[in-house]
Amino acid sequence: HFDCATSYENEKEFGMGLKSVLEQGEVKRSDLTIVSKVWKDAVRNGRDAVRCSIETSIQDLKCEYLDVAMVHWPVPDYHIEAYKELEVMVEEGKISSIGMSNCQPNDYEDLIASGIKIKPIVNQMQVSPVMYRPQIIDYFTSRNIIIEAHKSLHRGGCLDDAVITNVANKHSKSPAQIMIRWGVQKGFVVICKTSSTSRMVENRNVLDFCLDDDDMEQLDSLTTEEDILIRHEHEKASLGMY
C-alpha cells in the first residue's frame, strides 16, 4: 500500500522506483495498492483541473491506473464536483475506487445528497492514540467505509509519552510499534512515514503480539477534548488555504 499525493511532491521519484521494480519482475502491479490525492488548488479550479491532476499522477507514478483516488480536502462548494469527476474517471478505467480524505460526516452527507453514483470506500484521516475521535470513526465504519489512519505516529511527537512507553516496555516493543498495533487492532488501515529503512522494517513488525484490553483502554484515553478541538480548528483553517 503506497500513499501518495500531488502535494507530497515525490510522485515522479516513486514512479521511477516502481518502474524499476516492475521491470525486474520482483512484484506485479496487481500486488500493489497505489493511492493518490487531488490537492485543493485543483479542486477549486474545477473538473478539468481535477482530471489533469489525476492524469499527471498516473503519468508520474508510472502505474497505468490508481487503485484509489481521493479529494485531499473537502473544499466547501467545490469538493462534490471534484468527486463527480473522479466517478467519470472510474468509468474510464483510470481509477479503481474513490476515497475521501479529512472528511467529516457532514461532508459525506453532502456527497450522498448530491446523488453520487459510486460510494467512497475509505476516509483517510488523522488517527492515533493521541488523536482518537471514536464518534467520527464509528459514523464512517457503520457505513462500511474503511478508516485509513495517517499521522499514525503523530510525527513522532508522543513516542516518549509515559503510557505508550509503559505499554511498549510491557511487550518488549518500541513505542512506534505500540501505536501502530493499536491502530491495527482497531481495524484501521495504518500508514506511517519514515525515511529510515530500519524503521520501515520495525514498523511492519507488529503482527507477532497483541495488546490486551487494559492496554487498549489506556491508549484510548490519551486523547483529550482539547486535542480534538485543536485538530478540528486546524482542519477548518486548512479548508480555507491553498
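The largest nonpolar core has 59 residues, and I54, L86 and F140 touch the most other members. A nonpolar core here is a set of buried Ala, Val, Leu, Ile, Met, Phe, Trp, Tyr and Cys residues joined through side-chain atoms within 4.5 Å; buried means under 20% relative accessible area with a 1.4 Å probe, protein chains only. Leaving aside residues up to four places away in sequence, I54 touches V38, L66, A69, L86, M89 and I95, where contact means heavy atoms within 4.5 Å.

This is a predicted model, in which local features need pLDDT of at least 70 and side-chain atom pairs count only at pLDDT 80 or more, while totals for chains, interfaces and linings use all residues. Residues are numbered from 1 along each chain as its sequence is written, and side-chain values use heavy atoms, with hydrogens and water left out.

Seven strands form an open sheet in the order β1-β2-β3-β4-β5-β6-β7, with parallel pairing. The edge strands, β1 (2-3) and β7 (189-190), each pair on one side only. Strands (E, at least two residues) and helices (H or I, at least four) are DSSP runs numbered from the N terminus, and two strands pair if DSSP finds at least two bridges between them.

| Strand pair | Sense | Bridges | Residues facing each other |
|---|---|---|---|
| β2 (34-38) and β3 (66-71) | parallel | four | V38 and V71 |
| β4 (95-101) and β5 | parallel | two | M100 and N123 |
| β5 and β6 (146-150) | parallel | five | N123 and I147 |

Helix α4 (residues 79-91) packs on the sheet and touches β2, β3 and β4. The direction of α4 makes about 160 degrees with that of β4; axes are lines fitted to C-alpha atoms, for helices over the stretch in contact, and angles run from 0 to 180 degrees between N-to-C directions.

Strand β5 (residues 122-126) is largely enclosed by the rest of the structure, because five of its five residues are buried. V122, Q124 and Q126 lie on one side, and N123 and M125 on the other.

One is made by β4, helix α5 (residues 105-113) and β5, and another by β5, helix α6 (residues 134-141) and β6. Right-handed means that, with the strands pointing away from the viewer, the path from the first strand over the helix to the second runs clockwise.

Elsewhere, helix α8 (residues 175-186) and helix α10 (residues 213-220) pack at about 105 degrees, with axes 11 Å apart. α8 and α10 are therefore roughly perpendicular to each other, a term for angles of 65 to 115 degrees. I178, W182, Q185 and K186 of α8 make the contact with M216, L219 and D220 of α10.

Key:
Buried < 20%, exposed > 50% of the residue type's maximum accessible area, 1.4 Å probe, protein only. Parallel < 35°, antiparallel > 145°, perpendicular 65-115°, else oblique.
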